[in-house]
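The sequence and structure are shown first.

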Amino acid sequence: FSMAPGGDLVSTMAIDGIDELTDLESIVAAPNGDVYVLSSQSRSKRGKRPKARTAFLRLEQKGDSYRVLDELHLAELLDAAGADAMKALGLGNSTVELEIEGMAMRDGAIYFGLKAPLDELGRAMIWRLSSPRALFDGKGLEAAGLTPFARVQLDLGGGVANGGISELLFLKSGALVVASTPSSGDEAAGAIFRVEKPDAASPLATTTIRRFPGRKPEGLALSLASPDGVVVVFDNGARPGELMELTP
């Protein structure tokens, strides 16, 4: 969908070149105009993970719609890479628990924020894909530079379980904003954190910007109205959608 600055949905926008997409979680735009979209890679509540849930697409705009330039299925690539590669990324022996909800771009690299699994200390993980085009050109995960980037402790407060990453956003200053909701379960709770210097380090040092008891912040975008503002979008389930603007 396209959205006006005030939050109203303006129109639907078709994606040509793929029949079905499920559980889309994040969108990033590259400087050259390419758009990357990512499904969650997770299993459904029935334990199924069809290809519609594992899509990682590179799109180009064609008039009022988008066209698929390249299509990958990230969870399948990880499974094919083998146990050693998965362990190096913090997954253990399999992708059974994998869920990716955050994605951001900086200096040509894509950063994935994992909702699950957390590491052995309850920290959320961030991966870096240094060359997305190499991956879409079929050169494989290692050649494309998919590596662990950092781990971050996300305390949601109020006795809630440790948070996973629900979205990532790099600010113009270079700081990183992280939205978080519980890594497992359906509890409504969340928070927004700021990482002033998001260099490769573990764990990243965070500042809590705001906690949202009873609400799930799941989308972040730079504001069109304020040079320092960030728009936060909430998942309200069956209730009407909600967004707010804050300065992180």
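## Basis

This is a predicted model, in which local features need pLDDT of at least 70, side-chain atom pairs count only at pLDDT 80 or more, and totals for chains, interfaces and linings use all residues. Residues are numbered from 1 along each chain as its sequence is written, and side-chain values use heavy atoms, with hydrogens and water left out.

## Ser-42

Ser-42 sits in the loop between β5 (35–39) and β6 (55–62); helices (H or I, at least four residues) and strands (E, at least two) are DSSP runs, numbered from the N terminus. Ser-42 counts as buried because its relative accessibility is 5%, where buried means under 20% relative accessible area (1.4 Å probe, protein chains only).

The side chain of Ser-42 makes a polar contact of 2.8 Å with that of Ser-40 and one of 2.9 Å with that of Arg-53. A polar contact is a pair of N or O atoms within 3.5 Å; within protein, one must be able to donate a hydrogen and the other to accept it, and residues adjacent in sequence count only if both atoms are side-chain atoms.

## Helix α1

In α1 (residues 74–81), the buried residues are Leu-74, Ala-75 and Leu-78. Seen down the helix axis, they fall within an arc of 100°, so they line one face of α1. The arc is that of the directions from the helix axis to the C-beta atoms.

## Nonpolar cores

The largest nonpolar core has 27 residues, and Leu-78 and Phe-112 are among those with the most contacts inside it. Such a core is a set of buried Ala, Val, Leu, Ile, Met, Phe, Trp, Tyr and Cys residues joined through side-chain atoms within 4.5 Å. Elements giving two or more residues to this core include β5, α1 and β9 (109–116). Apart from it lies another core, of 21 residues, including Val-160 and Phe-170.

Terms used:
Buried < 20%, exposed > 50% of the residue type's maximum accessible area, 1.4 Å probe, protein only.
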